Amino acid sequence: MGTPHNAAEVNDIAKTVLMPGDPLRAKYIAETYLENPVQFNTVRNMFGYTGTYKGKKISVMGSGMGMPSIGIYSYELYKFYGVENIIRIGSAGAYTKDLELFDLVLAESAWSESSFAKAQAEVDNDILCPSKELNEKIKEAAASLQKPLTEARIHSSDVFYHEDNVDGHNEFFEKHGCVCVEMESFALFHNANVLGKKAACLLTISDSLVTSAVTTAEERQTSFHNMMEVALEAAITL
């Protein structure tokens with residue numbers, strides 16, 4: 001039986017789910033990398049697919065943008081579908097000139113000004129961490145594929161457009177040690193923590209707030225192959 005946001009039956013979804021923000025990226029990954037992919041969800045056009053990769057059952061599903069959206073989808077996957085591992089595979093904006101377009105960043109922690117964890121479970125922390133086990137699997141996969149990555153703290157922001165009177169990328173980097181920004185992982189890590197599950201976040205730099213370099217929407221949808229391949233190789237070891 002499905003949920004209000006997911007039409008799948010329990011056995012339709014694998015124990016490990018790769019979760020890009022963009023449902024079209026989920027579609028692309030399924031059609032490009034998975035053997036015999038079957039679509040399990042179209043509710044609200046939040047596409048989800050299950051297939052096999054090198055013989056291992058893997059699912060991929062979009063999360064949408066922002067913590068409320070990934071908060072719903074990841075909670076349901078963990079709580080109602082028996083999912084054990086979610087690896088977010090997303091895009092991020094660089095806060096430092098040391099990160100260039102298409103570089104990979106593995107979140108070792110997520111700092112956020114969000115009230116998501118407080119509202120959901122009275123958790124006051126503004127820094128949440130992913131699963132060490134999943135991070136190790138991702139680092140091992142990246143090394144085996146010879147794909148360099150940076151492991152660092154990221155900023156999970158509730159806001160895409162900030163006004164000039166509040167902190168910007170320089171302050172987030174200097175005050176909190178965040179090397180890049182995205183909008184989902186804090187909520188994902190929180191859900192994993194409260195439900196006793198595992199989560200990780202692997203990002204591709206899609207733009208830079210320092211240099212103003214930027215990728216196109218099509219590149220963000222279809223060109224992040226290094227991230228996709230590292231996540232898939234990690235997933236088959238779980």
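**Close-up 1. Lys139 and Glu136 form a salt bridge, with closest N and O atoms 2.9 Å apart.** A salt bridge here is a side-chain nitrogen of Lys or Arg within 4 Å of a carboxyl oxygen of Asp or Glu. The model is predicted: local features need pLDDT of at least 70 and side-chain atom pairs count only at pLDDT 80 or more, while totals for chains, interfaces and linings use all residues. Residues are numbered from 1 along each chain as its sequence is written, and side-chain values use heavy atoms, with hydrogens and water left out. Lys139 and Glu136 are 3 residues apart in helix H4 (residues 132–144), so about one helical turn separates them. Helices (H or I, at least four residues) and strands (E, at least two) are DSSP runs, numbered from the N terminus. Lys139 is partly exposed at 26% relative accessibility, and Glu136 is partly exposed at 39%. Buried means under 20% relative accessible area, exposed over 50%, and partly exposed in between (1.4 Å probe, protein chains only). Elsewhere, salt bridges with shared partners join Arg88, Glu182 and Glu184 into one network.

**Close-up 2. Lys54 and Glu233 form a salt bridge, with closest N and O atoms 2.6 Å apart.** This pair links distant parts of the chain, 179 residues apart. Lys54 lies in the loop between strand S3 (48–53) and strand S4 (56–61), and Glu233 lies in helix H8 (residues 225–235). Lys54 is exposed, with a relative accessible area of 56%, whereas Glu233 is buried at 15%. The count for the model comes to 12 salt bridges.

**Close-up 3. Asp124 and Lys118 form a salt bridge, with closest N and O atoms 3.2 Å apart.** Asp124 counts as exposed at 60% relative accessibility. Lys118 counts as partly exposed at 36%.

**Close-up 4. The largest nonpolar core has 37 residues.** A nonpolar core is a set of buried Ala, Val, Leu, Ile, Met, Phe, Trp, Tyr and Cys residues joined through side-chain atoms within 4.5 Å. Leu77 and Cys180 have the most contacts inside this core. Among the elements that each supply at least two of its residues are helix H2 (67–80), strand S5 (85–94), strand S8 (149–156) and strand S10 (198–208). A second, separate core of 29 residues includes Ala26, Leu34, Ile58 and Ala235. In soluble globular proteins, nonpolar side chains tend to be buried together.

**Close-up 5. Cys180 touches residues that include Ala92, Leu99, Val105, Ile154 and Leu203.** Contact means heavy atoms within 4.5 Å, and residues up to four places away in sequence are not counted for Cys180. Arg153 and His155 are also among the residues that Cys180 touches.

**Close-up 6. The model has 0 disulfides.** A disulfide is a pair of cysteine sulfur atoms within 2.5 Å. For Cys129, the nearest cysteine sulfur is that of Cys178, 12 Å away. For Cys178, the nearest is that of Cys180, 8.2 Å away. Cys178 is buried, with a relative accessible area of 0%, and Cys129 is partly exposed at 40%.

**Close-up 7. Helix H1 (residues 23–33) has buried residues Pro23, Arg25, Ala26, Ile29, Ala30 and Tyr33.** They cover an arc of only 155° around the axis, which puts them on the same side of H1; the arc is that of the directions from the helix axis to the C-beta atoms. Asp22 caps the N-terminal end of H1, with a side-chain oxygen 2.8 Å from the backbone nitrogen of Leu24.

Methods. Polar contact = N/O pair within 3.5 Å; in protein donor to acceptor, adjacent residues only side chain to side chain.
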